[in-house]
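Please read them with the structure open beside you.

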Amino acid sequence: MAFNKSHFLKLGSSLSLAKMSTDSCGVYDLIVIGGGIVGCATAREMKCRHPELKIAIVEKENALAKHQTGHNSGVIHAGIYYKPGSIKAKLCVEGLKLSYDYLCEKNICHKKIGKLIVAQNCDQVRLLHELYERGLQNNCPEIKLVEKDCLSTYEPNCKGEKAIWSPWTGIVDWGLVCKHFAEDFQKMGGDIFLNFEAIGFAETIESKGNCDLTPICVYSKQNKYLNAKYVLTCAGLHSDRLAVMTGCGLSPRIVPFRGEYLLLKDDKRCLVSTNIYPVPDPRFPFLGVHFTPRVNGDIWLGPNAVLALAREGYSWRDVNIQDCLEMAKFPGLYKLCFKYIAPGLNEAVKSIFYQLSVKECAKFIPSLTPKDVKRGPSGVRAQAVDNDGNLVDDFVFDTGSGALGQRVLHCRNAPSPGATSSMAIAKYISDKLKTDFKF
Ligand SMILES: Cc1cc2nc3c(=O)[nH]c(=O)nc-3n(C[C@H](O)[C@H](O)[C@H](O)COP(=O)(O)OP(=O)(O)OC[C@H]3O[C@@H](n4cnc5c(N)ncnc54)[C@H](O)[C@@H]3O)c2cc1C
């Protein structure tokens, strides 16, 4: 269900709604909405910093990490690509180091298998050099350029003109890492409510504007509510909807882009041992179809980027009318489509005829043929898009309006490499909660 500003204000003054709701689940200093890796890492960080605080995570699904966190490439990124000076660039390199320390401490299966970014022609070699300089500016650890003749030392079956080698890039199951964060959080006394879909906020009857109490009610679709002093939303594919409920502006909106993967058949897994990436097209925020070994031994090829017809649209068959209507009313989407009509259609065609994607991949591993792959899983990216149709590439935080809205901090955009950066994002948000809410 989508709410707008007027609905929130109505809820804010509606005492009867609090009476109507049947079940109170408790009273908290801070409620984190969204049980993905950003919400869980931040709740854990807040509990580490403030063991005395009562904190809860609420998640609409029956398990944590069911969306982006559980449907991604599983790469531990080293931070090469991102604009120097951006929050994204800083948090990725910081998050990389924090992640490795955490994975070792908790004995979570991961592999530091490195990554090659491979240029296939002169133009790409030029872009590769720019990318390398960017990586150096971002303090990516130990990256180096690899000449054509030496490529096979890093990946025997890979062909190309030149490459960047990033030894710190690794692989892990980010869904599993998220569950470890949640476990730490619970061990420190935090509460987690599954099957709790937040659909609205209201002022509690007893607070009557007294902010020392817990003035915010967070209502769920399941007819339960929680009271809180402050709320943080980390709702991924639904982040804009929650922001609008507290009086934030409509922009940036979330546009869902599905990323589909192909799987290398078992007898072809030996073709790939490291992450192999193309040189990304600088006009897009996506990294291009790449080869990614998984911790369980599978090799994934992907993801592509096609407009999904539902926010949680994991296949072409998933169509959500409300999501489509919202997209149809969003001018930013038309502008985006106009700008990227050719590459957008190209991605859609490749999604249907996956043999075309294999042809692209065979530039890197020439022996690869369509019969070596089968269709694999998919994920949906929460791509933030502004009213002018620009893809928003960095983190976006927002606070609502009015007495209650100002007590709600929204993480509106936590794009890739949000999983790699999650522990650093958690620190960043916790610092922000300290400044904004005096925690
Ligand atoms: C295809 C793909 C590949 C990627 N590859 C990588 C990679 O290799 N490495 C990397 O570092 N990053 C990668 N990313 C990015 C990374 O997965 C995301 O940045 C990260 O998972 C974002 O986490 P999140 O917690 O913000 O969102 P999510 O994981 O989507 O979590 C948001 C949660 O909020 C819940 N929620 C939403 N609305 C409500 C509500 N109203 N009430 C209660 N709960 C609600 C949802 O159910 C969901 O569980 C990839 C992403 C995709 C999609």
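1. The shell around the ligand divides into 16 nonpolar, 19 polar and 6 charged residues, where Ala, Val, Leu, Ile, Met, Phe, Trp, Tyr, Cys and Pro count as nonpolar, Asp, Glu, Lys and Arg as charged, and the others, Gly among them, as polar. Of the 41 residues around the ligand, those that come nearest are Gly34, Gly36, Gly236, Gly379 and Gly418, a residue being near if its C-beta atom, placed from the backbone, lies within 6 Å of the molecule. Two or more residues of this shell are given by α3 (37–49) and by β18 (373–385).

2. This is a predicted model, in which local features need pLDDT of at least 70 and side-chain atom pairs count only at pLDDT 80 or more, while totals for chains, interfaces and linings use all residues. Residues are numbered from 1 along each chain as its sequence is written.

3. The protein has 14 helices and 20 strands, taken as DSSP runs (helices H or I, at least four residues; strands E, at least two) and numbered from the N terminus. Its C-alpha trace spans about 75 × 45 × 40 Å along the principal axes.

4. Of the 439 residues of the protein, 51% count as buried, which requires 20 or more other C-beta atoms within 10 Å of the residue's own, whereas 12 or fewer make a residue exposed and counts in between make it partly exposed, with C-beta atoms placed from the backbone.

5. Lys83 lies in the loop between β3 (75–76) and α4 (87–105), and it counts as partly exposed because it has 13 C-beta neighbours inside 10 Å.
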